[in-house]
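Here is a short report on a structure. Read it with the model open beside the text.

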Amino acid sequence: MDKKFTMHVDVDAFLPASDKEKEYMVQMRPSSTFFKDGVKRLLKNRVATISFIIIVLITLASIIIPMFWPYSYDSMLGVRPGRPVDPSYNNLQPFSYGRTELKKIEAGEKVFPHVFGTDSAGRDYFIRVVYGTRISLAVGFFASIIVLIIGMTVGSIAGYCGGKVDLIIMRIVDIIYSLPDMLLVILLASVLKMTLGPALAGTALEKIGSNIISLFIVFGVLYWVSMSRLIRGQILSLREQEYVLAARAAGAKGSWVIRKHLLPNCISVVIISTALQIPNAIFTESYLSFLGLGVNAPMPSLGSLASDALNGLSSYPFRMVIPAVVISLIVLSLNLFGDGLRDAFDPKLRN
Amino acid sequence: MSPKTLKYILKRIGLAILTVWVVITVTFFVMHAVPGGPFMSEKAVSPAAQAALEAKYGLDKPLLEQYFTYLKDVVTRFDFGPSLKQRGRMVIDIIRDGMKTSVKLGVVAACMAGIVGIVLGAVAALRRNKIIDKIIMVITTAFVSMPSFIMGSLLLALFAIHWAILPANGSTSKGLILPIITLALYPMAYITRLTRSSMLDVLGQDYIRTAKAKGVSGVKIIFGHALKNSLIPVITYFGPMLAYIVTGSLVVEQIFAVPGIGRAFVSSITNRDYPMVMGTTIVLAVLIVVMNLISDIMYKIIDPRINLE
């Protein structure tokens, strides 16, 4: 058959593929999603995995232990209604007992041990440390969420709108960013402490305590700026990426581009910086507690426990060491885990 | 200096001035938002005496007028008014007294952190992945994740109480050793890590390879070529380090009873000495803003490769 130009389609090119040809198309392994990939990389990072396990253990312990521990964080063991205060319960060494407890033990009863002893007001120190850990973790977590929400909203507004809105928002961000944050945190915390106390009396928020609320307000006012800068930058640069253009050229709709291209790329950065924000918040909370501007007494936080321990440092050094170790462990493992998250989910940042 | 650099510097100065103004304004209005005003804590004051006190301190005037008077006094004469709790003393005098000790403390701590940090960082980078590098990295990681008040308390417990080799009270110059170490450890650890990573970065550059190929000795490469360039990121840390030292000194001076501005600030918060709180906040804020400004400008001038946008 002589070859000549026809408008007819070459039918041979459309035959079903042979088995040999099909072999080339077989997937060697199932395709991996972005998330799966990241988790795999994260699990390979031994330091990050161990840090994560430590964080989970500490968190679970701080939630579960108060459920069955026989002592509560604010009950003074030496104080019984209708009787004089029993000073033998104050400042107990670890695993020692108060006077009435010793009697019970002699009588053959079992008394739950004071693992870390008691503090100067006769409160079981172990449960106070556990409770303090819980408070510190909760403050860190919620403060980061507040920062995340405000920062994300403002940052994405600035990034999407651009133009004048962006300019004004970014100038405000610049100024807040160059403010000495810690000084203003102290100032705001000390003023809010006095202002919020009476305002909250009688409401549901009173139980949380005016100091923690003012801490959240301070975080909401001052710490969102770096998050919003980050997200604005992400959105601005992602909008101009070639793959977004390619997707648009291929006919993708706006919602598809946002869901499949912008969000997944943004979210890793958001999660990472939120994770790195938590230790920061815990640091700030403990710092303020140490200055007497943290949680309301008798509620303990790791910072206020350390601050209280300073008075009896020479006689009871372990009361300082225990919260110190816990807080350093939490901050260290959160930082290492955050670094691991960054390495795993944001390969662009790796060097 | 190119016009672009000049423009950048002017812009940065403008932002710094704006920041200082925001600090003064925020401080003023936040302090005046406290219900009852500054004399509320003194309960046994008759209405007449209260009015007299308010008239004396100008608190009976409208808030905006008070604000502009305050702003004028602060900007033109560094006058923060009299202290409410330390009768007969001006806030600026108390600040000046406290500054003498605090500046000594801060400058020595900063120098120590810088020198030790750079040396350790360089050593770690040169012995990369060797045992000494690993030891340095583990120790600095631990220091970076320890709040200054815990570091201070632990040092106090060990050196002043357990071994009793250094005084716990920071009012003598020997007593300043522990507070200085406490303040220096965190920035030292940070600078070590910063120097290490930037040194590793520089050591991978082409010009280092060229120098090696030319047969330049190892010591000369490090001190002649690598160190100078790897210190550029360290300069950017200069501003944040000062901010850290200023805020860190608040608790460190508290722990070691150092008669500095940090302790004065904390006690003025607890006994509600409003003019003192405002004055100290403003002075410390100006200090931090100015130092940030200097470190930013230095950074841009030293490294001409940096894009000013």
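Gln50(B) sits in helix H2 (residues 47-56) of chain B. Helices here are DSSP runs of H or I with at least four residues, strands are runs of E with at least two, and both are numbered from the N terminus. Gln50(B) is partly exposed, with 15 other C-beta atoms within 10 Å. On this scale a residue is buried with 20 or more other C-beta atoms within 10 Å of its own, exposed with 12 or fewer, and partly exposed in between; C-beta atoms are placed from the backbone. From Gln50(B) to Ala160(B) is 110 residues in sequence and 47 Å in space, C-alpha to C-alpha.

## Model and confidence

This is a predicted model, in which local features need pLDDT of at least 70, side-chain atom pairs count only at pLDDT 80 or more, and totals for chains, interfaces and linings use all residues. Residues are numbered from 1 along each chain as its sequence is written, while chains are lettered from A and ligands numbered from 1 in the order in which they are written.

The model scores ipTM 0.79 and pTM 0.80. Chain B averages a pLDDT of 84, and 94% of the residues score at least 70. pLDDT is the predictor's confidence in each residue, from 0 to 100.

## Chain A overall

Chain A has 13 helices and 0 strands. Its radius of gyration is 29 Å, well over the 20 Å that the globule rule gives for 351 residues, so chain A is more spread out than a compact globule. That radius is taken over C-alpha atoms, and the rule is 2.2 Å times the number of residues to the power 0.38. Along the principal axes, the C-alpha atoms of chain A fill a box of roughly 115 × 55 × 40 Å.

Of the 351 residues in chain A, 37% are buried. Among contacts in chain A with a separation of 6 or more, 69% join residues 24 or more positions apart. A contact means C-beta atoms, placed from the backbone, within 7 Å.

## Where the chains meet

The contact takes 33 residues from chain A and 38 residues from chain B. On the chain A side, helices H6 (163-178), H7 (181-200), H11 (254-290) and H13 (318-345) each supply at least two residues. H7(A) gives the largest share, 10 residues. The chain A side divides into 24 nonpolar, 8 polar and 1 charged. Here Ala, Val, Leu, Ile, Met, Phe, Trp, Tyr, Cys and Pro count as nonpolar, Asp, Glu, Lys and Arg as charged, and the others, Gly among them, as polar.

## The nonpolar core

The largest nonpolar core holds 143 residues. Such a core is a set of buried Ala, Val, Leu, Ile, Met, Phe, Trp, Tyr and Cys residues joined through C-beta atoms within 7 Å. Ile186(A), Ala189(A), Leu291(A) and Ala306(A) touch the most other members. Leaving aside neighbours within four places in sequence, Ile186(A) contacts Leu291(A), Leu293(A) and Ile269(B).

## Backbone features of chain B

Helix H7 (residues 177-203) of chain B has a kink of about 35° at Leu185(B), shortly before the proline Pro187(B). The bend is the angle between axes fitted to the seven residues ending at a residue and the seven starting there. Of the 27 residues of H7(B), 20 are buried, so this helix is largely enclosed by the rest of the structure.

Phe78(B) is not a glycine, yet has a positive phi of about 50°. Phe78(B) lies in the loop between helix H3 (63-77) and helix H4 (91-126) of chain B.

Conventions: Two residues are in contact if their C-beta atoms, placed from the backbone, lie within 7 Å.
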